[in-house]
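Subject: Structure handover

Hi,

Here is the structure I promised to pass on.

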Amino acid sequence: MKVIGITGGVGAGKSEVMTYIGSSFDAAVIQADEVGYLLMQPGKECYGPIIRLFGQQVTNISGELNRKRIADVVFHDQEKLRQLNEIVHPAVKQYIKNAIEKERVHGTKFVFIEAALLIEDKYDEICDELWYIYADEEIRKERLMSERGYSDEKIKGIMANQLSEEEFCRHCAFEIDNSGDFEETKQQIDQRMKKYEAL
């Protein structure tokens with residue numbers, strides 16, 4: 001089994017790449033954001049520590065965590081963000097490690113892991129290689145404005161906190177250019193996967 005990590009800047013199209021891989025190959029796809037969301041549900045391991053950190057004001061009437069309220073707090077408070085990350089990131093990584101082992105037992109050929117902080121959180125320790133999904137900065141900005149409704153200020157803030165293109169390339173064995181038509185992206189993925197399947 002081969003474990004491949006997918007990373008790249010915000011708006012590069014990582015989720016689109018993961019959807020294609022999951023539907024086209026004998027591959028399990030795991031997205032760290034989705035795992036984080038799952039682990040923050042009532043009764044899951046991150047829920048209690050987050051309530052203790054932020055207080056009841058970050059819950060909805062139903063008792064679920066209000067992620068927007070949490071995001072608003074940590075956007076202005078770096079210390080709270082650090083503490084939140086210390087709760088969520090190790091739990092997410094452990095969940096993913098367990099999921100990889102389950103797929104190994106099932107005989108799955110590939111496991112793809114997508115995480116925004118793949119390099120920073122040292123996912124290279126559990127991946128056989130990392131892929132960098134690249135898209136031109138202006139294209140990423142356009143996508144974030146049209147698809148997510150982000151303001152120019154918000155986009156600049158997020159991009160300023162992410163790794164540089166050079167840093168992504170330094171850690172990743174393979175780069176996919178997702179700046180153009182997605183059909184071109186598919187061809188790049190297909191060629192790389194053919195190489196593995198021939199081994």
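Strands here are DSSP E runs of at least two residues and helices are H or I runs of at least four, both numbered from the N terminus.

Before the rest, some housekeeping. This is a predicted model, in which local features need pLDDT of at least 70 and side-chain atom pairs count only at pLDDT 80 or more, while totals for chains, interfaces and linings use all residues. Residues are numbered from 1 along each chain as its sequence is written, and side-chain values use heavy atoms, with hydrogens and water left out.

**Strand 3 and its partners**

Strand 1 (residues 2–7) runs parallel to strand 3, and five bridges join them. Strand 2 (residues 27–31) also pairs with strand 3 in the parallel sense, over five bridges; strands count as paired if DSSP finds at least two bridges between them.

Strand 3 covers residues 110–114, and five of its five residues are buried (under 20% relative accessible area with a 1.4 Å probe, protein chains only; over 50% is exposed, and in between is partly exposed). Phe110, Phe112 and Glu114 point one way, whereas Val111 and Ile113 point the other. Strand 2 is largely enclosed by the rest of the structure, because four of its five residues are buried.

**The cores**

The largest nonpolar core has 38 residues, and Ile50, Ile70, Ile96 and Ile113 have the most contacts inside it. (Such a core is a set of buried Ala, Val, Leu, Ile, Met, Phe, Trp, Tyr and Cys residues joined through side-chain atoms within 4.5 Å.) Elements that each supply at least two residues of this core include strand 2, strand 3, helix 5 (78–106) and strand 4 (129–134). Helix 5 gives the most, with eight residues. Ile113 touches, among others, Val3, Ile30, Ile96, Ile100 and Tyr123, not counting residues up to four places away in sequence; a contact means heavy atoms within 4.5 Å. A second, separate core of 20 residues includes Ile6, Tyr20, Ile21 and Trp131.

Asn178 sits in the loop between strand 5 (174–177) and helix 9. Why does Asn178 count as buried? Because its relative accessible area is 1%. Its side chain makes a polar contact with the side chain of Thr185 (2.7 Å). For that term, an N or O atom pair must lie within 3.5 Å; within protein, one atom must be able to donate a hydrogen and the other to accept it, and residues adjacent in sequence count only if both atoms are side-chain atoms. Leaving aside neighbours within four places in sequence, Asn178 is also in contact with residues including Ala12, Gly13, Ile133 and Arg143. Asn178 and Arg140 are 38 residues apart in sequence and 9.8 Å apart in space, C-alpha to C-alpha.

Arg192 lies in helix 9 (residues 182–197). Arg192 counts as buried because its relative accessibility is 13%. The side chain of Arg192 makes a polar contact with that of Tyr196 (3.0 Å). Not counting residues up to four places away in sequence, Arg192 touches Glu129, Trp131, Ala173 and Phe174.

Happy browsing!
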